Amino acid sequence: MGTPFEDMAEIDRLVHDPSRLAVTSALLSCESADFLFLQRLTGLSKGNLSSHLSKLERGGVVEIEKSRERRPRTVVRLTGAGRKRVAEHWDRLVRLREAAAGWDGAQEPPQE
């Protein structure tokens, strides 16, 4: 492990994007959520939320179920792997924060 700042380069970029982190963090606390709830919670536009959900779905982080009863409804849930990935991402962020807070800068950066 290098400095806390070097280790930040290893962050999961798919999950770490602020909008996607907001969506996945919301989904960590529930089994599933519908599109409109996520839109209201995150403040994202329909198009922006849809784009982020598509990226998360392609990455295997979420599953999206669309149904049409009286009106269309989209339900989003974390996959098992996605739930683990998001939880590990938050754990990593906490460890990085703690390491950065305790880093005194006395370590010399690697010479090239």
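1. Helix α3 (residues 18-28) contains a group of buried residues: S19, R20, L21, V23, T24, A26 and L27. Here buried means under 20% relative accessible area, exposed means over 50%, and partly exposed lies in between, with a 1.4 Å probe and protein chains only. Helices (H or I, at least four residues) and strands (E, at least two) are DSSP runs numbered from the N terminus. At the start of α3, the backbone nitrogen of S19 has a side-chain oxygen of D17 within 3.0 Å.

2. The model is a predicted one, in which local features need pLDDT of at least 70 and side-chain atom pairs count only at pLDDT 80 or more, whereas totals for chains, interfaces and linings use all residues. Residues are numbered from 1 along each chain as its sequence is written, and side-chain values use heavy atoms, with hydrogens and water left out.

3. On confidence, pLDDT is the predictor's own score for each residue, from 0 to 100. The chain averages 88, and 87% of the residues score at least 70. Confidence is highest in helix α5 (residues 46-58), at a mean of 98, and lowest in α1, at 69. Where pLDDT is low, the predicted coordinates should not be read in detail.

4. The whole structure holds 4 salt bridges, each defined as a side-chain nitrogen of Lys or Arg within 4 Å of a carboxyl oxygen of Asp or Glu. One of them joins R85 to D12, with the closest N and O atoms 2.5 Å apart. This pair links distant parts of the chain, 73 residues apart: R85 belongs to helix α6 (residues 80-102), and D12 to the loop between α1 (4-7) and α2 (13-16). R85 is partly exposed, at a relative accessible area of 27%.

5. A salt bridge also connects R73 with D34, where the closest N and O atoms are 3.9 Å apart. R73 lies in strand β3 (residues 72-78) and D34 in strand β1 (residues 33-34), so the contact ties together parts that are 39 residues apart in sequence. Both partners are partly exposed: R73 has a relative accessibility of 45%, and D34 has a relative accessible area of 23%.

6. Because they are 4 residues apart in α6, E88 and K84 are separated by about one helical turn. E88 is partly exposed at 44%, while K84 counts as exposed at 54%.

7. T79 is located in the loop between β3 and α6. This residue counts as buried, at 13% relative accessibility. The side chain of T79 reaches the backbone nitrogen of G82 at 2.7 Å.

8. A pocket is found on a 1 Å grid over the protein atoms alone, as an open set of points where a 1.4 Å probe fits, with protein on both sides within 12 Å along at least five of seven lines; lining residues have an atom within 4 Å of a point. The lining comprises 17 residues, of which F35, R71, P72, R73 and T74 lie nearest the centre. The elements giving two or more residues are α4 (35-42), α5, β2 (62-68) and β3, and the largest share, 5 residues, comes from α5. By class, the lining has 8 charged, 5 nonpolar and 4 polar residues.

Methods:
Nonpolar A, V, L, I, M, F, W, Y, C, P; charged D, E, K, R; others polar. Polar contact = N/O pair within 3.5 Å; in protein donor to acceptor, adjacent residues only side chain to side chain.
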